[in-house]
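This report describes one part of a protein fold in plain terms. Look at the sequence and the structure below before reading on.

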Amino acid sequence: MKIFTSMQIKAIDAYTISGEPISSIDFMERSAQQFAKKVMSCTNANRKIYVFAGPGNNGGDALAVSRIMLENGYSVVVYLFNPKGKLSENCSLNKDRLWRMEGVHFVEVRDSFDPPDLKKEDVVIDGLFGIGLSRPLAGGFLAVVHYLNQSSAHIISLDIPSGLLADGDLQADDEAIICADKTFTFQFPKLSFFFPESGRYVGDWDLLDIELHTEAIEKEESSFLALSRVKIKSLLKKRGRFSHKGNFGHGLLIAGSKGMMGAAILASKAAMRSGIGLLTSHVPGMGDFILQTSVPEVMTSIDANADFFTTLPDIAPYKAIAIGPGLGLQKDSALALEKLLSCSVAPLLIDADALNLIAKNPLLIDKIPKESILTPHPKEFDRLFGSAASCSKERLANALEFAAKTQTYLVLKGAYTAICMPTGLCYFNTTGNAGMATAGSGDCLTGIILSLLAQSYSPADAALLGVYLHGLAGDIALEEGSLESLLASDIVSSLGLAFAELQALDEN
């Protein structure tokens with residue numbers, strides 16, 4: 001699924017209106033019908049609905065939604081904020097349609113606003129401003145936002161929370177944005193939805209199909225995409241009946257140090273659960289017995305040092321290599337890592353402390369082999385890039401620049417992990433949950449992607465499929481527990497069901 005800027009969405013809307021063809025007021029009615037249907041599907045008709053509409057087309061949508069819900073027996077109170085006495089054409093038409101209804105509770109706010117006493121059981125539909133907003137809210141509208149955010153009512157935003165800039169730009173006043181419990185957005189998620197700064201405003205979001213013109217969507221280019229299950233399913237390879245372990249690759253995992261052997265164990269287990277044929281884990285001497293007893297399916301290669309990584313084994317036999325989980329930051333480890341970067345020809349995944357070692361030794365950046373996969377979390381990436389980003393949009397731009405410059409695949413981990421391609425494309429992952437924000441979760445991801453690389457998936461496909469499966473396994477694990485109780489080992493245990501769920505798409 002493509003993710004478009006606000007300007008592109010407006011262009012697609014215009015193309016739909018002219019190309020379908022459909023009048024703009026009828027197009028607005030179609031959008032409002034979808035939004036009202038969604039709200040009514042999750043809102044009891046006994047609850048009181050308060051609609052806050054602005055003077056533009058987002059307000060026009062909100063007024064149309066008000067009329068539709070009134071026609072369906074809901075109790076609706078409408079406030080139209082029109083301080084300048086100027087409404088968009090479609091907002092004005094929907095105002096007239098609503099005004100003609102009998103028994104409508106409608107207030108047009110020009111000067112002063114006498115706010116209602118909102119209760120916890122009440123529902124507020126936020127239709128003040130949409131994606132056309134280009135500056136922070138101020139004055140009376142800012143006061144309305146503060147009033148709504150301080151209320152205990154359940155807030156549902158129409159297309160986007162009012163005050164939030166759709167394209168993810170940094171905002172000077174983060175208190176000038178509606179904090180929605182839910183956002184029902186038209187056709188596409190907005191880019192800002194994928195950034196952590198927006199999470200408290202957007203709440204849970206869902207897409208509404210308003211039948212935008214498919215030709216316009218296909219023609220409009222975008223560097224940002226959201227991963228779909230259909231896309232991921234198309235990457236998954238089938239196993240032949242007469243396959244053997246040699247068909248699924250031999251991977252090398254370099255991980256672990258004294259006190260951090262759990263990282264090596266989790267990554268090893270995740271690799272084995274993701275279909276790799278053979279796995280050798282290179283660990284310090286003290287970790288041999290721990291790994292052998294914890295993951296008997298894995299072979300071990302023992303470092304010359306008892307406590308941390310110092311010696312690169314012969315890497316010729318391996319189809320793919322991953323390094324980093326629990327590695328530690330010793331100087332000798334950096335020297336051994338430099339040797340690996342200089343001589344590796346197999347697909348390489350660099351994670352965790354291996355990334356931190358590179359950040360401490362920036363000259364190593366130029367030695368990272370092309371087509372490598374790097375899997376930093378935001379702080380690791382800022383250290384690697386050399387400067388801290390002021391916001392997530394800037395960090396993402398930096399990540400895309402880094403991937404293009406180094407010709408690597410950069411997996412920027414987060415709630416919506418961004419997979420940045422050397423071509424400039426960026427895919428946002430759509431699986432996973434907050435319970436996965438726990439120690440060892442990233443080590444599992446390393447094992448999954450290493451396994452896929454060893455099975456001859458391309459680095460691009462391994463990154464996309466690995467990230468998606470990792471999140472899907474986390475979602476499946478959550479079904480048996482809670483956000484608070486989820487462990488990284490639960491993710492590993494759920495990988496089998498994640499693969500099965502993807503494979504079951506063939507049967508649907």
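Which residue with a positive phi follows α3? That residue is Gly 73, and its phi is near 90°.

The model is predicted, so local features need pLDDT of at least 70, side-chain atom pairs count only at pLDDT 80 or more, and totals for chains, interfaces and linings use all residues. Residues are numbered from 1 along each chain as its sequence is written, and side-chain values use heavy atoms, with hydrogens and water left out.

Helices (H or I, at least four residues) and strands (E, at least two) are DSSP runs, numbered from the N terminus.

Two strands pair if DSSP finds at least two bridges between them.

| Strand paired with β3 | Bridges | Sense | Residues facing each other |
|---|---|---|---|
| β2 (residues 49-53) | 5 bridges | parallel | Phe 52 and Tyr 79 |
| β4 (residues 105-109) | 5 bridges | parallel | Val 109 and Phe 81 |

A helix belongs with each pairing. β2, α3 (residues 57-71) and β3 make a right-handed β-α-β unit, and so do β3, α4 (residues 89-99) and β4. Right-handed means that, with the strands pointing away from the viewer, the path from the first strand over the helix to the second runs clockwise.

**The helices**

Helix α3 has 15 residues and spans 21 Å from first to last C-alpha, close to the expected 21 Å (1.5 Å times one less than its number of residues). Because 13 of its 15 residues are buried, α3 is largely enclosed by the rest of the structure.

In α4, the buried residues are Asn 90, Cys 91, Asn 94, Lys 95 and Leu 98. They fall within an arc of 145° seen down the axis of α4, so they line one face of the helix; the arc is that of the directions from the helix axis to the C-beta atoms. The face turned away from this buried side carries the exposed residues Glu 89 and Trp 99. The buried residues of α4 pack against α2, α3, β3 and β4.

Glu 29 lies in α2 (residues 24-41). Glu 29 counts as buried because its relative accessibility is 16%. Leaving aside residues up to four places away in sequence, Glu 29 touches Ala 64, Arg 67, Ile 68, Asn 94 and Arg 97, where contact means heavy atoms within 4.5 Å.

Key
Buried < 20%, exposed > 50% of the residue type's maximum accessible area, 1.4 Å probe, protein only.
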